[in-house]
Amino acid sequence: MNTEETWSVFQLMSFTVMFFSLFPDVALVTSLRDGMNLVSYEFVACQDLKKGVLILSEFAGAAQSLGAGAILVNPWNITEVADSIRQALTMTPEEREKRHQHNFVHVTTHTAQEWAETFVSELNDTVIEAQLRTRQVPPSLPEDDAIRRYLRSTNRLLILGFNATLTEPVDTPGKRGDQIKEMELKLHPGLQEALTALCSDRKTTVVVLSGSDRKALDKNFGEYDMWLAAEHGMFLRLTNGEWMTTMPEHLNMEWVDSVKHVFEYFTERTPRSHFEPRETSLVWNYKYADVEFGRLQARDMLQHLWTGPFSNASVDVVQGSRSVEVRSVGVTKGAAIDRILGEIVHSKSMTAPIDYVLCVGHFLGKDEDVYTFFEPELPSDGLGAARTKQNDGQKSPNERRPSTKLPTASSRSGPKSSQSKAQRASTNPEKGNPNHSCGNSRRASAEKISWNVLDLKGDNYFSCAVGRTRTHARYQLGSSDEVVSFLTRLANASP
Ligand SMILES: O=P(O)(O)OC[C@H]1O[C@H](O[C@H]2O[C@H](CO)[C@@H](O)[C@H](O)[C@H]2O)[C@H](O)[C@@H](O)[C@@H]1O
């Protein structure tokens with residue numbers, strides 16, 4: 001482009017901005033096909049004063065991002081277009097303001113910089129996914145070695161997932177019908193004895209770290225002497241204590257109502273699917289539905305979500321093999337474990353390092369960060385090098401397990417812990433039940449613990465994925481039945 005051409009483009013842009021800012025009450029974009037339609041964005045950007053209304057063809061690419069504030073029309077439908085013009089011209093100032101505000105936030109936050117960052121982040125996600133695909137299937141959990149090392153250690157930590165780790169397999173013959181009826185997660189009946197024994201061992205700390213809500217964990221594990229970490233670790237309690245929150249500060253939950261609405265819509269239209277509302281995430285689950293239909297519905301649902309509720313929200317969408325989960329950015333098991341560990345060490349007044357960690361779960365990809373948290377070295381295949389969107393606002397990979405010197409109530413207010421918040425849990429899952437009344441999460445002790453909290457000597461760490469072969473875990477087990485059998489062996493081996 002020569003100087004003259006550059007100047008003409010500049011003049012044209014200035015003219016567009018001036019024109020859009022001063023004159024129109026309404027912009028009517030009726031393209032029959034359109035890649036994006038930049039004019040719509042320019043129009044929105046210029047409406048700070050006039051709050052003009054955008055009528056936008058549903059065939060324009062911009063409809064996906066500005067659809068929430070614009071009036072969307074099918075340009076072939078002349079009556080609809082005419083109606084929308086009337087609607088726009090007679091719209092109340094409040095409605096104009098609300099619609100404008102929604103789109104203005106989108107235009108001003110989705111900048112070129114943001115686009116570039118998202119692009120790189122998604123590229124990284126793709127690399128990680130590809131690496132996971134080609135990653136070798138990890139070997140089976142070496143049970144004998146895991147038991148031998150367990151017996152030799154003196155301060156052990158067992159981190160157990162719940163769903164599909166400690167529950168009965170869905171496909172157990174004769175059990176499927178029951179599961180469909182109840183849709184509720186239930187502890188595998190074969191586990192009670194082993195769990196009781198493991199939990200009552202003074203050298204062992206057991207944590208159930210689950211995406212489930214507090215109520216589900218209370219119901220299934222309330223009688224054991226263990227730690228419960230609900231909602232991917234956002235809520236924590238010792239079973240004889242009260243729930244506390246480990247939630248990062250400023251967790252944005254404004255998206256919840258609109259996503260709920262879409263989930264309810266799809267639940268009604270997908271037989272045997274169900275929707276699990278939690279406090280920090282929402283899950284639409286189609287594991288009992290027709291899988292093919294469920295997948296089609298999930299795809300359709302995601303399109304709805306991206307064009308509507310997600311357009312301005314800072315959320316992570318985690319697609320499971322039979323579920324769609326939406327969480328605020330920053331809600332992962334790996335992000336929470338640091339804070340959980342801090343609380344455990346503090347509460348137990350530990351004076352010796354944890355010398356054995358077993359971490360077993362059927363965790364979603366985003367939660368696999370809990371496996372890598374305890375790795376003494378970051379993976380050398382580059383998996384740890386990518387900073388993905390899910391990590392935004394959390395630790396960078398190189399900080400992934402920095403806290404071997406863990407923490408005190410006071411040291412936890414350092415740079416990393418400044419994201420966590422000691423506060424009373426905001427909502428009581430069982431209203432009216434005094435046993436669940438929310439408690440103060442952290443004792444404000446000034447005492448400092450400056451020894452290494454973890455001393456796993458490399459080999460005293462067993463991360464194990466259940467029913468998954470594409471994983472960052474070191475080992476795998478086929479199903480929760482195998483978990484039951486292993487935990488039973490572990491419990492029986494202890495003196
Ligand atoms: O957090 P947990 O209690 O240990 O459970 C692990 C996850 O279970 C659920 O996801 C799993 O089942 C889904 C179908 O029901 C499947 O789509 C997904 O791939 C599985 O990982 C649950 O939806 C997650 O929130 C749990 O974290």
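**Basis of the description**

Helices (H or I, at least four residues) and strands (E, at least two) are taken as DSSP runs and numbered from the N terminus. The structure is a predicted model, in which local features need pLDDT of at least 70 and side-chain atom pairs count only at pLDDT 80 or more, while totals for chains, interfaces and linings use all residues. Residues are numbered from 1 along each chain as its sequence is written, and side-chain values use heavy atoms, with hydrogens and water left out.

**Loop residues**

His 232 is found in the loop between β6 (227–230) and β7 (235–238). Its phi is positive, at about 60°, although His 232 is not a glycine. With a relative accessible area of 2%, His 232 is buried; buried means under 20% relative accessible area, exposed over 50%, and partly exposed in between (1.4 Å probe, protein chains only). Lys 51 also has a positive phi, near 50°, in a residue other than glycine. Lys 51 is placed in the loop between α2 (38–45) and β2 (53–57) and counts as buried at 16% relative accessibility. As background, most residues other than glycine have a negative phi.

Thr 246 belongs to the loop between β8 (244–245) and α11 (256–269). Thr 246 is buried, with a relative accessible area of 1%. The C-alpha atoms of Thr 246 and Gly 233 are separated by 7.1 Å, the two residues being 13 apart along the chain.

Two strands pair if DSSP finds at least two bridges between them. Strand β4 (residues 156–160) pairs with β13 in the parallel sense over 5 bridges, and Leu 160 stands opposite Val 360 in β13. Strand β15 (residues 461–466) likewise pairs with β13 in the parallel sense, over 5 bridges. In β15, Cys 464 is the bridge partner of Val 360.

**Aromatic pairs and charges over rings**

Rings of Phe, Tyr and Trp (its six-membered ring) pair if their centres lie within 6.5 Å; planes under 30 degrees apart count as stacked, over 60 as edge-to-face and the rest as tilted. The count comes to 11 aromatic pairs by this rule. Tyr 150 and Tyr 356 have ring centres 5.4 Å apart and planes at 80°, so the pair is edge-to-face. Tyr 150 lies in helix α7 (residues 143–152) and Tyr 356 in strand β13 (residues 356–361), so the pair ties together parts that are 206 residues apart in sequence. Both Tyr 150 and Tyr 356 are buried. The rings of Trp 284 and Tyr 286 have centres 5.2 Å apart and planes at 40°, so this pair is tilted. Trp 284 and Tyr 286 are both buried. One aromatic cluster is formed by Tyr 150, Tyr 356, Phe 462 and Tyr 475.

A charge sits over a ring if NZ of Lys or CZ of Arg is within 6 Å of the ring centre and within 35 degrees of the ring normal. The charged end of Arg 214 sits over the ring of Phe 235, 3.9 Å from its centre. The charged end of Arg 269 is placed over the ring of Tyr 265, 3.6 Å from its centre.

**Salt bridges**

A salt bridge is a side-chain nitrogen of Lys or Arg within 4 Å of a carboxyl oxygen of Asp or Glu. By this rule there are 23 salt bridges. Lys 219 and Glu 184 meet in one of them (2.9 Å, N to O). This pair links distant parts of the chain, 35 residues apart: Lys 219 is in helix α10 (residues 214–221), and Glu 184 is in the loop between α8 (176–182) and α9 (192–200). Lys 219 is exposed, with a relative accessible area of 60%, whereas Glu 184 counts as partly exposed at 42% relative accessibility.

Asp 455 forms a salt bridge with Lys 457, the closest N and O atoms being 3.5 Å apart. Salt bridges that share partners join Glu 276, Arg 278, Glu 325, Arg 327, Lys 333 and Asp 367 into one network. Within it, the side chains of Arg 278 and Glu 276 meet in a salt bridge (2.9 Å, N to O). Arg 278 counts as buried at 14% relative accessibility, and Glu 276 is partly exposed, with a relative accessible area of 23%.
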